[in-house]
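My entries follow the display.

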Amino acid sequence: GGFVEGEEELDQLRVQTYARAMAQLGYGAVNLAGDDLHFGAEFIARLARQTGLPLVSTNLRQPLAEVAPHLVRPLGRWQVGILGVGPPQSDHFTDPIAALAGPIVQLRGQVDYLLLLSDLAADDNESLATRFPELDLIVSRQAVARREGRPALVGSAPQGTRLGRVRLQADPAGKPVLASAE
């Protein structure tokens, strides 16, 4: 998330270019961030339809057909569940703890690895990590990196300005675990 900014029509064209590029790069999921609904829900819905960009938001206040509350993506032999949360201080998002509780329980039985994309502040990410140890990894532009414990926390940057790489490996039981994050 965090790919929508600006006020003008030219800014909308720039956002469309970002979205097309992310779709062409094969982004598996993009979480909606606090400002991503700046141009309105219909703009985001149209953007998703035109580009095929897979948008996710578990705590979106007004659900959109083009924005999934969660996604499941294959990664080799594993299934990865992807959830996303935006800041509840924005009018567009509800309380992330309340929104995540049900989907985490539902997905945990269906997937091998559970990933949360977050647009929350660092302290809120730590709170989610404590509240939901069922998560395997939280990726957020506000995260303070922590690879020990569960879930691990890693940082990202909006608009693809900094790409990271997360590598999973199989533990002795064949379950995916975080091997490295850079």
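I count a contact when heavy atoms lie within 4.5 Å. By that rule I looked up Leu100, leaving out residues up to four places away in sequence, and found that Leu100 touches Thr58, Leu83, Val85, Leu116, Leu128 and Phe132.

Conventions. I am working on a predicted model, where local features need pLDDT of at least 70, side-chain atom pairs count only at pLDDT 80 or more, and totals for chains, interfaces and linings use all residues. Residues are numbered from 1 along each chain as its sequence is written, and side-chain values use heavy atoms, with hydrogens and water left out.

Fold. I noted four helices and ten strands in the protein chain; these are DSSP runs numbered from the N terminus, with helices being H or I of at least four residues and strands E of at least two. The order along the sequence is α-β-α-β-β-β-β-α-β-α-β-β-β-β.

Burial. I call a residue buried under 20% relative accessible area, exposed over 50% and partly exposed in between (1.4 Å probe, protein chains only). Of the 182 residues of the protein chain, 44% are buried.

Leu100. I located Leu100 in helix α3, residues 96-108. Leu100 has a relative accessible area of 0%, so I list it as buried. From its C-alpha to that of Gly84, 16 residues apart along the chain, I read 8.8 Å.

Pro103. I found Pro103 in helix α3 too. Its relative accessibility is 16%, therefore Pro103 also counts as buried. Beyond four places in sequence, Pro103 touches Thr58, His70 and Leu83.
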